[in-house]
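Me: Could you take a close look at the aromatic rings in this structure with me? I am new to this, so please go step by step.

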Amino acid sequence: MLMMLNLAKYLFTIFLILGLLFSSGVFSVLLYAKMTGKEFLGESPASSVVLAEGAGGGAGEAKPPPVVKPKPPSAMLDAPIVRQLPELPPGCEIVSLTMLLNYYGINKTKMEMVKEMVKDPTPARWENGAIAYWGNPSTGYVGDVTGKTRGFGIYHSGLFPTLKDNIPSAIDLTQKEFDLIERQIAEGFPVVIWTTIDYNVPKKWVTWDTPIGPIETTFMEHAVLLVGYDEQNVYVNDPLSGKKGQKINKEQFLATWDALGKQALSYN
C-alpha cells in the first residue's frame, strides 16, 4: 500500500512538471506573438508574409497612376512686348528672354540682359565666300548681337545659364512634347521657343566648323516668346515684328520648331 502511494506521488510530480513546462512554452509563444504581431497556430512565418503582402493596402499593392489634370483647350498670357530693333537686330533670343523675365517680375532691360548673356567670341573665318569656321550657338552667342558686324544667335543650352541665374527654377524643355509646352502656358509660365523669322521651314541650310565640332543651321533662325495657344493656333510675342500675341497656325509653327531642334526654355 505504501509502495502504491509513493508511486502515485511520483507520477503526480512528473505530470506536474510536464504541465508546467507545457504552460511555460504556450505562454512564451503567446508572448512572442504579442510582441511581433505573428501567430504560430500551425502557420509558418513564410505563409504569414505571403498573406500580409496579398492583403489590401499592403506593401506589394500597386500604386494608382498619378492623376493628370485635363489641359484647357486654350490659354493666353499677358506678357509685355519688347522689340529687338533698333539696338539688337540679331538679338531675338535675349530679347525674348527679357520678355519672359519681365513677365516673371524681373525688371531688367534687353541691354542689361545682353551684358549677362554668355558669348562665344570665336571669330568667323571665310573660305570661298562662305563661313568655314565660327562660334557654336550651343556654347554662347555667336557674332555681334548689336549688328555692327555680322551676328548670328544663341541656342537653348547657351542661353539657359542666363535664365537660371535670374530664375533658379528655370527648366529646359528642349525635345519635350509640345503638349507639355502648352501645359506650361496653361499653368501661367511663358516659354522662349525657337522657330524661324518667317515661320516657314528653311529651304537653305549652312554648315561651318566650330571649336566643339561642325554644326548645320540656318540664318532664318529666330526665337519668340510663346504666350498662348488654342486648337488651331499658337500666339507669340515676336521681338522682331514687335507684335504682341501674334497668331500663327499651329501646324506651321510646329514644323519650324521641329526643324530648329524643338528648343524651348521656361520655369516653374
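Reply: Happy to! Let's start with a definition: a charge sits over a ring if NZ of Lys or CZ of Arg is within 6 Å of the ring centre and within 35 degrees of the ring normal. In this predicted model, Arg150 lies over the face of Phe219, at 4.3 Å from the ring centre.

A pair of aromatic rings is described by the distance of the centres and the angle of the planes. The count of aromatic pairs here comes to nine. For Phe152 and Phe219, the centres are 5.8 Å apart and the planes stand at 85 degrees; planes over 60 degrees apart count as edge-to-face, so this pair is edge-to-face. The two residues are 67 residues apart and link distant parts of the chain: Phe152 belongs to strand β6 (residues 151-153), while Phe219 is in the loop between β10 (215-217) and β11 (221-229).

Now compare another pair. Phe189 and Tyr267 are edge-to-face as well, with 5.2 Å from centre to centre and 75 degrees between the planes. This pair also links distant parts of the chain, with Phe189 in the loop between α6 (178-186) and β8 (191-196), Tyr267 in strand β14 (residues 264-267), and 78 residues separating them. Both Phe189 and Tyr267 are buried.

Key:
Residues are numbered from 1 along each chain as its sequence is written. This is a predicted model: local features need pLDDT of at least 70, side-chain atom pairs count only at pLDDT 80 or more; totals for chains, interfaces and linings use all residues. Side-chain values use heavy atoms; hydrogens and water are left out. Rings of Phe, Tyr and Trp (its six-membered ring) pair if their centres lie within 6.5 Å; planes under 30 degrees apart count as stacked, over 60 as edge-to-face and the rest as tilted. Helices (H or I, at least four residues) and strands (E, at least two) are DSSP runs, numbered from the N terminus. Buried means under 20% relative accessible area, exposed over 50%, partly exposed in between (1.4 Å probe, protein chains only).
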